[in-house]
Amino acid sequence: MANNLRNIWDADPDAAPKDAPSFSDDIAGRFRSGRLVKTGRTETPESLNEWRVTTGDPSVAKKIAEILGGEPESWETDREDNLEILTDAKTVQIIIEPDGVDASFKQFVPGAGMTHHCDGFAYLSPDEDKGQSCGCPSLIAERKLKAQQMRGPKPSVDITFRMADAPDLGKFRFNSGSWKLVEALGPLFADLDKYGNAGDEESGTDGVPVRASLTIENVSYTPKKGPRAGQTVSYNKPVIKIFGVYEGAEDEALPEAA
């Protein structure tokens, strides 16, 4: 048998069939702990008790549903990740990529994009402002107030990871503006440093992936003072736990020595 039609694409290369894209080293989707619920013309933020995953790849959506539960469905968005899965999972086992956690403060203005990017004390970008004082207040309470008033930046914690149950599926991202997660960043980065996630620039050592879990944790309490005294207050927060270095499927599959 012969492919006598193989040369037809030479005359029209733009129409030639393309290989299916591989997402193994790209961002295959995003994990989200909330969504916007539309009621009439109003969109109201809703906090979720289980992970919501969005992706633009039907095969990724199908695999996510197999592992975490839920059904892939279309959702209204102008971005590429037009499929969403409302999973049944509060916790997902993950592999955090080398240097896979990035934390900073950012402020976005509609129509102007990111207008403020700092570490809380000095600008991180643009290059011409990098290192200069950002002017943010020192007290956390003041930072929160300015962020609520849209007069200052909010926390932005980005995590890049793979799913431990399907590492070849590609990289995923989770972004959080949770102040509770900011409070946990000290111990989190200490654990990441303990296992060499970020590597060492001076010695030229590359960072290593680590095993971890990503959980939506519900917190409930009854304040004794303040305007909500005696009322049950409940909220969700993202929690990351580090378990150690991820050795990789290749090492785990090695047979024991005879």
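A pocket is an open set of grid points with protein on both sides within 12 Å along at least five of seven lines, and its lining residues have an atom within 4 Å of a point. By that rule, the largest pocket of this predicted model is lined by 46 residues. The protein has 258 residues, and 33% of them are buried. Its secondary structure comes to six helices and eleven strands. Nine salt bridges turn up in a search of the whole structure.

**Overall build**

- Contacts between residues at least 6 apart in sequence were sorted by separation: 57% of them join residues at least 24 apart.

**Largest pocket**

- The space in the largest pocket is about 1700 Å³.
- Nearest the centre of this pocket lie Arg32, Gly34, Leu36, Asn175 and Gly177.
- Seven elements need naming here, each giving two or more residues to the lining: strand 1 (27-39), strand 2 (42-55), strand 5, helix 3 (140-148), strand 8, strand 9 (171-176) and strand 11 (233-245).
- Strand 1 gives the most, with nine residues.
- By residue class, the lining divides into 18 nonpolar, twelve polar and 16 charged.

**Second largest pocket**

- The second largest pocket has about 250 Å³ of volume.
- Its lining holds 13 residues, with Ile27, Ala28, Gly29, Glu80 and Asp81 nearest the centre.
- Strand 1 and strand 2 are the elements that give two or more residues to this lining.
- Strand 1 supplies the largest share, four residues.
- The lining of this second pocket splits into three nonpolar, four polar and six charged residues.

**Salt bridge between strands**

- Side chains of opposite charge can pair when their charged atoms come close.
- Arginine 162 and glutamate 97 meet in a salt bridge, at 3.1 Å from N to O.
- Arginine 162 lies in strand 8 (residues 154-163) and glutamate 97 lies in strand 5 (residues 91-109), so this pair ties together parts that are 65 residues apart in sequence.
- Arginine 162 has a relative accessible area of 13% and is therefore buried, the cut-off being under 20%.
- Glutamate 97 is buried too, with a relative accessible area of 13%.

**Salt bridges within helices**

- Glutamate 66 pairs with lysine 63 in a salt bridge, and their closest N and O atoms are 3.9 Å apart.
- Both residues sit in helix 2 (residues 58-68); they are three residues apart, so about one helical turn separates them.
- Glutamate 66 counts as exposed because its relative accessibility is 52%, and exposed means over 50%.
- Lysine 63, at 34% relative accessibility, counts as partly exposed.
- Lysine 180 forms a salt bridge with glutamate 183, with 3.9 Å between the closest N and O atoms.
- This pair belongs to helix 4 (residues 179-183), where a spacing of three residues puts lysine 180 and glutamate 183 about one helical turn apart.
- Lysine 180 is partly exposed, at 36% relative accessibility.
- Glutamate 183 is exposed, with a relative accessible area of 52%.

**Lysine 146**

- Lysine 146 is found in helix 3, one of the elements that give two or more residues to the lining of the largest pocket.
- At 27% relative accessibility, lysine 146 counts as partly exposed, because that class runs between the 20% and 50% cut-offs.
- Lysine 146 touches Pro137, Arg151 and Gly152, leaving aside residues up to four places away in sequence.
- Cysteine 136 is ten residues from lysine 146 along the chain, and their C-alpha atoms are separated by 9.0 Å.

Terms used: Residues are numbered from 1 along each chain as its sequence is written. This is a predicted model: local features need pLDDT of at least 70, side-chain atom pairs count only at pLDDT 80 or more; totals for chains, interfaces and linings use all residues. Side-chain values use heavy atoms; hydrogens and water are left out. A salt bridge is a side-chain nitrogen of Lys or Arg within 4 Å of a carboxyl oxygen of Asp or Glu. Buried means under 20% relative accessible area, exposed over 50%, partly exposed in between (1.4 Å probe, protein chains only). Contact means heavy atoms within 4.5 Å. On a 1 Å grid over the protein atoms alone, a cavity is a set of points where a 1.4 Å probe fits but cannot get out, and a pocket is an open set with protein on both sides within 12 Å along at least five of seven lines; lining residues have an atom within 4 Å of a point. Grid points are joined across faces, edges and corners, and a volume is the space filled by probe spheres set on the points. Ala, Val, Leu, Ile, Met, Phe, Trp, Tyr, Cys and Pro count as nonpolar, Asp, Glu, Lys and Arg as charged, and the others, Gly among them, as polar.
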